[in-house]
Amino acid sequence: MNTLLAVIIGALTVYLAYTLYARRIDRHVIQSDPKRATPATLYMDGVDFMPTNRNILFGYHFKSIAAAGPIIGAIVAANLWGWLPAIIWLILGVSFLGWASDYSGIVISVRNDGNSLSAIAHRLVSPRTRTILFVFIFFYLLLVAGAFVGIMATVLESQPKTQLGVIVLTVMGLLLGQMLYRWRTGLVGATVLTVGLTLIAILGGGWTEEVFKAFTAGLNNLSGGAPLVTYFDPTLANFKGADAKIMPSLLFWALAISAFCYAGSVLPIWRMAQPVIYVGFWITALAMVLGLTGALVAPFMKPEVAQFVIPAFRGFNPQLGPAGIMPLWPMLFVTIACGAISGWHALFGAVGTARQIQNEADMLPIGGGSMFAEFLLGLLALLAVSVGAKGAPVGAFATGLGGFISVWGLPIQYATSLAFAAFIVIVLVVTQLLFRVQRVTLSEWLGDVFPPCRNQHIASLICVALAILLMMTGTWVYLWQLFGGANQMMAALSLLLVTVWLASVGKNWMYAGLPAAFMWVTTCASILVTAYNLYSNVYQINMAAGRTIPVVGSALMILVALLLVVAALYIGLDTWRAFQRYRHRPVQQRKPAAARA
Amino acid sequence: MGLRQKVQREMADSALPDDLKAEFHSLSEWAHTLPGKFADRVRIRLIDAASIEGFFRSLLHRFWRYPAFAVEGQRYVGSDFVRVDALIAQALRRKEEDARVSTNATTSH
């Protein structure tokens with residue numbers, strides 16, 4: 001297998017699934033009608049409801065759904081089960097489930113006055129479903145935050161070459177905010193300066209490598225070389241498991257990332273979040289465009305970076321630690337989330353994009369089209385890790401992507417630095433926004449019973465502390481799978497809701513109902529497997545060794561896992577009852593309003 | 001107010017410094033006056049300068065300061081909306097004249 005063949009398979013998948021299946025559902029089941037008025041045109045207020053051009057809305061929607069998910073999931077899955085199961089799930093997932101979930105999230109909101117999923121659940125299913133969804137979303141955000149902070153801290157600590165780039169990115173983000181909004185400098189000049197300097201710092205990370213190594217050694221000397229926390233990590237020693245240590249340097253980088261996210265969460269958007277995202281976009285776009293085109297032509301120009309070097313299949317139940325189980329079903333289906341199917345996409349599509357759809361004919365190109373684009377991002381990550389092979393998962397990804405970029409003549413060490421930076425930037429910009437949303441969620445949820453939560457600084461600090469506590473358990477692969485489980489469960493719940501809605505309006509519900517049932521059962525099972533692994537591989541082993549933090553952290557994660565399953569069971573039960581009710585007696589559909597001329 | 005609206009409202013409130021927010025409001029108010037002045041003969045597109053599209057538009061039209069306006073190829077940089085109105089009126093007149101010339105040419109042919 002080589003990269004060109006994989007890219008051709010990917011392109012064929014997108015073409016066939018879109019034209020033969022997705023379009024058919026759009027025409028014959030949903031019957032999207034360009035003449036029908038959308039909420040954006042009916043309730044246009046210039047803020048919330050705003051008819052938006054299809055191309056612009058596609059870019060906006062894709063930017064909002066594309067994060068670290070498709071990259072990390074593909075990397076982990078390829079390392080656990082091999083590249084073949086990973087690519088099969090990516091292809092089948094996006095063709096039969098992923099696009100349906102993203103598209104339907106937008107459809108259900110557009111056809112229900114632009115209401116969010118929870119509001120529709122409140123009306124169609126039951127009031128308690130809305131409350132459960134609310135709690136579910138908070139823990140979901142917590143898991144994402146913990147997973148992302150842990151992964152970024154590990155990469156930064158172990159790759160001193162990347163540290164200068166991240167520091168300069170932060171400074172340049174702040175400088176760009178100052179230049180654009182205070183000094184009112186032109187965008188072109190400000191972009192050239194800030195993106196250029198960030199790029200130089202990323203490519204020249206090697207210049208300061210020794211300085212940061214000495215800094216790391218100095219930090220670790222603070223504890224006399226002793227670890228702050230020792231825990232058993234089943235992902236080490238080729239998945240046989242070994243003791244891992246959290247050194248002061250790792251905690252330092254976790255705190256540095258948290259400080260960055262805290263600032264991104266409480267400072268005005270224009271001061272930090274927006275400019276950092278803007279600078280980061282250019283870095284990521286550069287790496288992705290060079291990488292994807294490099295993967296395409298690599299078999300002809302540099303064949304040594306185009307051949308898959310990891311095994312196609314490693315087994316149905318690879319070992320993960322001494323007592324863990326990692327069965328292909330259900331675990332593969334939550335490990336690779338965003339490139340195949342993702343609840344975040346449906347959630348965002350329903351509450352954001354749907355209110356800007358100016359024409360029903362745009363729902364499929366924007367919702368389904370963005371999902372297929374995200375699949376290509378997941379495929380690129382899978383290709384990179386399949387040809388990169390050596391080292392930790394993120395390192396293998398950067399080596400592989402760096403190899404593709406180097407096809408264009410950039411020396412491999414610089415190309416790898418750019419690939420590492422692209423990964424960190426993608427995760428970093430999402431995490432800072434995530435803490436902002438989580439902070440608001442917390443103050444909404446607990447603000448009445450615990451008023452200090454209404455203070456943005458206190459709420460942000462609570463969110464940061466919880467994420468660091470989760471990270472200190474060290475077992476990021478479980479955290480990732482728990483997040484994957486929650487994310488996929490969100491997709492299952494949105495598809496369940498779509499199924500109920502389709503039944504309520506007397507339409508064929510099979511295209512949403514079958515994926516919903518599969519994902520609901522799979523994600524419930526995967527969360528229980530993860531809880532079992534946490535107990536047998538982490539909780540018990542660390543308890544026997546008398547290590548408090550990993551024990552507390554893993555107990556917290558088990559509790560979150562069980563809460564997610566209970567929430568899913570309640571929602572599943574409620575939607576099943578609602579589905580039975582509507583299936584036999586659909587409600588009358590409202591007559592559609594004609595679109596404005 | 002729902003959670004989503006809270007997040008969105010909070011982000012919108014801190015999206016711009018106060019002086020730029022005031023400038024943006026006056027720009028919005030002016031944009032709302034356009035249908036009254038020019039009916040449906042005018043289409044307006046508002047582009048965030050600090051965005052990828054904003055970058056390419058700035059490069060295309062050679063805008064180094066904002067707010068900046070491009071009316072059928074004519075450029076204006078500044079906050080004097082009366083001048084933008086004049087540019088729009090001028091562009092509409094030009095279009096009408098072009099249409100008249102084209103109709104006359106077709107008739108005589």
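Me: How do you know that the end-to-end span of helix 2 (residues 18–38) of chain B agrees with its length?
Reply: This is a predicted model, and the check is on its C-alpha atoms. Helix 2 of chain B has 21 residues.

Me: What makes helix 2 of chain B hardly covered?
Reply: A buried residue needs 20 or more other C-beta atoms within 10 Å of its own. Among the 21 residues of helix 2, the count that reach this is 0. Just after the helix, Ala39(B) takes a positive phi of about 50°.

Me: What share of chain B is buried?
Reply: Buried residues make up 8% of its 109 residues. Chain B has 4 helices and 2 strands, in the order α-α-α-β-β-α. Of its contacts with a separation of 6 or more, 21% join residues 24 or more positions apart.

Me: What makes residues of chain A and chain B count as touching, and how many do?
Reply: Their C-beta atoms must lie within 7 Å. By that test, 22 residues of chain A are in contact with 23 of chain B. Helices 8, 9, 13 and 18 of chain A each supply at least two residues to its side. That side has 13 nonpolar, 6 polar and 3 charged residues.

Me: Which residues touch the most other members of the largest nonpolar core?
Reply: Phe397(A) and Phe423(A) are among them, in a core of 221 residues. Beyond its neighbours within four places in sequence, Phe397(A) is in contact with residues including Ile71(A), Ile75(A), Val385(A) and Phe423(A).

Key:
Residues are numbered from 1 along each chain as its sequence is written. Chains are lettered from A and ligands numbered from 1 in the order in which they are written. This is a predicted model: local features need pLDDT of at least 70, side-chain atom pairs count only at pLDDT 80 or more; totals for chains, interfaces and linings use all residues. A nonpolar core is a set of buried Ala, Val, Leu, Ile, Met, Phe, Trp, Tyr and Cys residues joined through C-beta atoms within 7 Å. A residue is buried if 20 or more other C-beta atoms lie within 10 Å of its own, exposed if 12 or fewer, and partly exposed in between; C-beta atoms are placed from the backbone. Two residues are in contact if their C-beta atoms, placed from the backbone, lie within 7 Å. Ala, Val, Leu, Ile, Met, Phe, Trp, Tyr, Cys and Pro count as nonpolar, Asp, Glu, Lys and Arg as charged, and the others, Gly among them, as polar. The expected span of a helix is 1.5 Å times one less than its number of residues.
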